[in-house]
Amino acid sequence: MGSITPDFRFGNFAGSIVQLVLVVVALLTVLILPIIFFTLFFVPLPVVNGQVLTPYLFFSMMVDPSRTLPIIKFLIHTDYFRAAVFPGFGFSALIAAATIFIERKLLAKMQLRIGPLYAGKIEGIFQLVADGLKLIAKEIIVPSGADKPIFWLAPILFVSTSAAVVSLIPVASGWVVANVNVGLIAIFGILGFFPLITLLFSWASNSKYPFIGGLRALHQMIAFEIPFFLSALPAVILSGSLNLSDIARSQNIFWNIFVMPINAFVFYISSLAELERIPFDLPEAESEIVAGWLTETSGMIFGLIQLGSYLKLYALSALFVILFLGGWYGPQIFPHELIPGASASNISLLKIFGLVGLYNAVTVNSIFWFMVKTFVIILLMLITRGINPRIRIDILLHTGWYKLIVLTFINLFIVLTLIYGGILGPGGMISPK
Amino acid sequence: MDNQIESSPGKNSIYISHDILKSLVEKYNTKIKIVYDKRNRSKIMVEPENLVETAIFLRDHYGFDHAESASGTDYPKDNEIEINYHLGSYSNQDLLPYILVLSTKINRNDPKSNSLINIFPSVEYHERETYEMLGVYFIGHPRNERFLLPEDWADIPPLRKEFRIKGR
Amino acid sequence: MSTLEEKIDEAKNLSMQIVKDSEEDRLMTLSVGPQHPGSGHFRFVIKIDGDYIVYVDPDPGYVHRGHEKMCEYRNFFQNIPHLERPVIHDSCNITYSYSLAIEDLIGITVPRRGQFIRAIASELNRLVYTEYWLAIYGIFLGHSTMFMWPAGDRELIIDLLERLTGHRVTHAFNIPGGVRNDMPYNFKEKCLTQVNYFEKRLKEYEHIFYNNPLLRQRTEGVGILSKEDAIKLGVTGSVLRASGVPYDIRKVEPYDVYDEIDFNVQYMKTCDSFARAYVPYLDMIESCHIIRQLLDKIPESGDVREKLLSNVKGPPGESFKRIESGRGALSYHIVSDGTSRAYRVKMSVGSFRNLLALPFLLVGSKLGDMPPIYWSLNYWPVEADR
């Protein structure tokens with residue numbers, strides 16, 4: 001009643017809707033259809049199932065469901081899909097979002113709170129969307145005297161560097177964006193960029209607290225880089241390869257954590273320090289240096305850095321699983337066919353729902369177990385935040401340089417003894433091949 | 001952590017105060033005036049030039065080791081400002097509940113007094129507050145400057161009686 | 001034309017200048033507060049040399065409201081609601097010593113049941129204040145669970161105080177002559193249940209916070225205020241007791257009913273930041289015992305308040321009364337000239353006295369030690385500013 005304005009005319013309303021429809025149709029004819037045709041006619045299209053993927057075939061996908069599956073199968077094996085969607089950025093960003101939500105809920109339960117509740121009907125499930133919208137809508141304030149190019153570039157660098165780490169992580173046999181033979185070294189090399197980005201950003205902010213935070217981050221990451229690398233070394237020796245897929249495959253008999261528990265512990269502690277998570281969040285220590293190197297961030301710059309750090313959290317947890325927890329190996333719990341007898345039958349609808357040709361029981365099983373293990377490690381990393389205070393910079397450096405490095409050598413010697421004794425390793429008594 | 005202790009509150013502190021006051025009167029006879037002597041509280045009034053001397057005597061002979069408070073009161077009728085040091089003791093077990101008010105009166109037009117900061121370091125901030133609230137300059141205090149008031153305070157010291165709150 | 005000597009002198013001066021500049025450049029001046037998350041309504045300017053603090057200058061006064069001046073314009077009862085503003089979490093204690101001082105001036109005594117209710121409200125408020133303080137101590141050290149737990153458990157006691165006084169935080173309950181209201185129906189049983197549950201929760205704090213090895217590493221041996229220094233600086237309350245001086249005004253100069261209560265003065269001899277964080281916790285446990293005894297000994301019926309005229313006058317004179325608040329001795333020095341208004345009111349609060357230890361402890365410590373030292377001093381900025 002009150003919502004209709006006094007000068008409302010139904011004719012005007014209908015007329016405006018007709019006008020809108022006409023504009024949309026005109027745009028479709030003049031712009032969008034030519035673009036689609038240009039793409040489909042002039043881009044060389046691949047061969048699917050012995051046929052060239054013509055525009056006719058592509059559009060018939062909507063009409064004939066039985067032709068859908070081969071095209072999807074083709075699409076998910078392209079490099080673009082891998083980099084952008086499944087083991088790459090999109091998938092890990094989704095996991096990062098889930099991690100943020102789980103962290104908030106888990107911490108809330110530990111602290112006798114409720115956590116996010118109102119955004120989204122069920123338990124505040126859309127809180128992250130709301131936060132993201134808020135961050136996008138916020139003004140980005142650049143401090144006066146800041147080094148503007150670096151100030152704008154650093155968050156993007158942070159996210160892309162994290163995504164680069166993620167691209168080296170295999171989630172199942174053959175499912176990796178970049179299958180390089182020096183995967184482990186590449187990961188450590190890329191992780192070495194983070195202190196640089198932190199220091200550049202804190203220097204570019206032209207403020208005192210970010211500067212102290214950046215220096216702290218530099219100290220901390222350098223101190224923990226060495227035990228981090230040393231703790232991964234015995235895994236390389238045992239598998240005889242630096243390729244992450246090979247390291248995971250070498251553990252199909254036993255997991256590395258049974259041989260080198262101390263190294264797994266050191267790796268866990270060092271990755272907490274790499275991630276700047278709670279006992280080691282000195283670069284962002286709130287009560288000492290405001291927000292550390294993030295003090296001058298605002299709006300989506302802050303959002304990007306948060307996204308990057310949670311991508312990094314996923315990448316390091318996945319690396320822990322690959323190095324110590326046997327990668328994707330686990331008992332086969334998925335059936336060989338999604339619907340029994342679907343591949344033999346002639347009913348096309350059954351084939352589509354059975355995902356015949358697309359569904360691979362071993363791969364799905366691998367991905368499932370990999371995700372289960374990764375989430376356990378992510379939870380382990382989250383739970384420290386609820387039970388620990390922050391430690392001091394001198395204790396942190398002492399821990400890194402004096403204790404963790406020494407601890408890694410203990411397990412290195414154990415592994416070397418086992419290898420020279422001919423028990424483990426390539427050609428040993430218990431070896432995967 | 002042994003928490004079980006029986007601290008002995010000075011049951012006989014009223015006699016202790018008699019002791020202190022008697023010895024003070026013996027030492028400074030006319031220069032000192034006993035204002036009141038109640039249970040656990042007594043107040044003595046000394047001349048400004050004897051303030052430091054009396055404080056040193058109290059600290060050295062009776063173990064008064066800290067000031068609970070130091071404040072001033074403005075008396076425009078007598079053209080005087082009275083400065084009170086509430087002295088107490090943590091180390092002398094008999095004096096635990098006892099507080100001695102050491103007072104002096106100074107001229108309101110040229111308010112200057114000797115600082116007790118070298119005898120009782122605990123009066124540092126109290127004296128600084130008295131300086132800005134009543135305008136008393138403490139000779140020997142390292143920082144007679146602004147403390148609680150705004151940085152751009154340009155009025156008379158606010159606890160002087162002629163400073164009126166607006167609307168009252 | 002300058003001679004050679006002049007040129008040499010010039011060069012020397014220049015080099016001296018350079019040396020001086022570089023010495024200055026080593027230090028970085030940080031303004032901690034008033035918008036710093038680790039300061040409160042308070043600022044201290046610090047200079048750091050690398051990670052070490054070399055200079056500290058506290059600058060309070062951001063919330064100075066002139067309560068002492070305001071007291072000179074209102075009668076004794078009108079002062080109550082604004083006097084509890086400096087520390088609203090401890091409002092029953094900050095008005096307690098004021099009421100004691102006024103009663104001393106006028107020369108009346110509070111009915112016995114009123115004294116007991118006052119003591120109960122005072123102890124409950126001590127719990128509320130200490131919980132809040134402990135929550136902030138937790139978050140200053142980055143322990144977010146220790147922030148949420150005490151802040152949540154504080155609600156239990158706030159509920160009790162709401163039943164007793166009618167307000168959640170600013171109670172205006174203690175007035176000269178007694179307390180405003182009698183205890184509500186069934187308050188005794190409710191109070192006992194809540195306090196018993198609260199004691200169970202207190203034990204869990206020990207598990208998650210005080211026994212945490214990282215916390216111990218962080219606070220033990222940090223910010224040592226020796227017994228001699230503590231006495232010299234005249235600190236009070238938990239800071240003094242953590243330095244090994246068992247000085248509690250409830251024990252050394254019992255006011256109202258505290259001489260009938262059996263309790264221990266909690267103190268520690270380690271003198272460090274951990275001790276200063278642990279003594280208030282022990283005090284909370286002791287407060288629970290005291291509340292139980294008070295509820296046990298309270299007379300079944302009787303007046304709770306000595307009726308006074310609203311513009312009551314006392315003889316000219318002065319009074320100095322103190323009580324043990326959550327932050328230590330809280331004393332009022334009230335001068336009356338025989339009218340219905342105070343001639344001069346001076347509040348000597350624990351926060352203001354403990355502030356003196358801040359520069360003393362911070363100089364020479366590390367930047368990371370700043371939050372545990374600063375907040376362990378039991379400093380409430382609003383109370384210190386008055």
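Predicted model: local features only at pLDDT ≥ 70, side-chain atom pairs only at ≥ 80, totals over all residues.
**Who touches whom**

- Where chains B and C meet, chain C puts in 35 residues and chain B puts in 34 residues.
- On chain C's side of that meeting, the elements giving two or more residues are the helices α2 (67-71), α9 (227-233), α11 (249-252) and α13 (350-354), along with the strands β7 (328-336) and β8 (342-348).
- β7(C) gives the most to this side, with four residues.
- Sorted by class, chain C's side facing chain B holds 17 nonpolar, nine polar and nine charged residues.
- The contact between chains A and C uses 25 residues from chain A and 27 residues from chain C.
- On chain A's side of it, the elements that give two or more residues are α5 (89-110), α13 (286-289), α16 (361-387) and α17 (393-420).
- That side of chain A splits into twelve nonpolar, four polar and nine charged residues.

- Take a look at α10(A), which covers residues 208-239 and has 32 residues.
- From its first C-alpha to its last, α10(A) reaches 47 Å, close to the 46 Å expected at 1.5 Å a residue.
- α10(A) does bend, though, by about 30 degrees at A:Glu225.
- A proline, A:Pro227, follows within four residues of that bend.
- Just past α10(A), you'll find A:Gly240 with a positive phi of about 70 degrees.

**Two helices packing in chain C**

- Inside chain C, helix α5 (residues 112-140) packs with helix α12 (residues 273-297) at an angle of about 155 degrees, and their axes are 9 Å apart.
- Angles over 145 degrees count as roughly antiparallel, so α5(C) is roughly antiparallel to α12(C).
- The crossing of α5(C) past α12(C) is left-handed.
- From α5(C), the residues making this contact include C:Phe116, C:Leu124, C:Trp133 and C:Tyr137.
- From α12(C), they include C:Pro280, C:Tyr281, C:Met284 and C:Leu294.
- By class, the contact of α5(C) with α12(C) has 16 nonpolar, two polar and three charged residues.

Terms used: Residues numbered from 1 in each chain as written. Chains lettered and ligands numbered in written order. Expected span 1.5 Å × (residues − 1). Bend = angle between axes of the 7 residues up to and from the residue. Contact = placed C-beta atoms within 7 Å. Nonpolar A, V, L, I, M, F, W, Y, C, P; charged D, E, K, R; others polar. Axes fitted to C-alpha atoms, helices over the stretch in contact; angles between N-to-C directions. Parallel < 35°, antiparallel > 145°, perpendicular 65-115°, else oblique. Left-handed = near helix turned anticlockwise from the far one by under 90°.
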